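Subject: Structure handover

Hello,

Here is the structure you were expecting. My notes on it follow below.

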Amino acid sequence: QVQLVESGGGWVQAGGSLRLSCAASQRTFSSYAMVWFRQAPGKERQFVAAISWSGGGSTNYADSVKGRFTISRDNAKNTVYLQMNNLKPEDTAAYYCAASLSWRPTSWYSQSDIVYWGKGTLVTVSS
């Protein structure tokens with residue numbers, strides 16, 4: 001069982017930045033592709049970004065965040081990050097960290113790809 005704990009959410013004005021962190025409980029963290037999802041009120045949970053096991057450069061982003069968000073990981077610290085720049089009001093959502101045994105370099109992750117979930121951290125972007 002891998003426990004994932006997100007942090008770094010909060011309130012920010014449009015155009016601002018936030019960095020989310022997700023700490024994993026196990027050393028087997030490096031065995032998983034790590035994924036960020038988000039869920040806005042009244043909407044379905046959607047894929048945001050993913051990074052492969054090694055984190056050496058294999059990443060995948062939803063079109064809506066390309067060029068603004070950057071996912072990275074530090075396997076020595078069992079932590080994955082999501083740097084969010086130029087935030088927009090439509091980025092307002094609960095952001096969830098997730099672990100997957102699959103790596104999808106070009107297609108988007110669905111919830112069925114995920115084996116572990118964090119509890120989420122809320123990001124609010126005001127206009």
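Strands β3 and β8 are joined by six bridges and run antiparallel to each other. Strands here are DSSP runs (E, at least two residues), numbered from the N terminus, and two of them pair if DSSP finds at least two bridges between them. Leu18 has Met84 of β8 opposite it.

On the source: this is a predicted model, in which local features need pLDDT of at least 70 and side-chain atom pairs count only at pLDDT 80 or more, while totals for chains, interfaces and linings use all residues. Residues are numbered from 1 along each chain as its sequence is written, and side-chain values use heavy atoms, leaving out hydrogens and water.

Sheet

The β3-β8 pair is part of an open, antiparallel sheet of four strands in the order β1-β3-β8-β7. At its edges are β1 (4-7) and β7, each pairing on one side only.

Core

The largest nonpolar core has 40 residues; Leu4, Met34, Trp36, Val80, Leu82, Met84 and Tyr95 touch the most other members. Such a core is a set of buried Ala, Val, Leu, Ile, Met, Phe, Trp, Tyr and Cys residues joined through side-chain atoms within 4.5 Å. Buried means under 20% relative accessible area, exposed over 50%, and partly exposed in between (1.4 Å probe, protein chains only). β9 gives the most to this core, with seven residues.

Aromatic pairs

There are six aromatic pairs in the structure. Rings of Phe, Tyr and Trp (its six-membered ring) pair if their centres lie within 6.5 Å; planes under 30 degrees apart count as stacked, over 60 as edge-to-face and the rest as tilted. Tyr32 and Tyr116 are edge-to-face, at 5.9 Å centre to centre with 75 degrees between the planes. Because Tyr32 is in the loop between β3 and β4 and Tyr116 in strand β10, this pair ties together parts 84 residues apart in sequence. Tyr32 is buried at 11% relative accessibility, and Tyr116 is buried at 17%.

Phe37 and Trp117 make a tilted pair, with centres 5.0 Å apart and planes at 55 degrees. Phe37 is in strand β4 and Trp117 in strand β10, 80 residues apart. Phe37 is buried at 1%, whereas Trp117 is partly exposed at 28%.

Charges over rings

Arg45 lies over the face of Trp117, 4.7 Å from the ring centre. The criterion is NZ of Lys or CZ of Arg within 6 Å of the ring centre and within 35 degrees of the ring normal.

Regards
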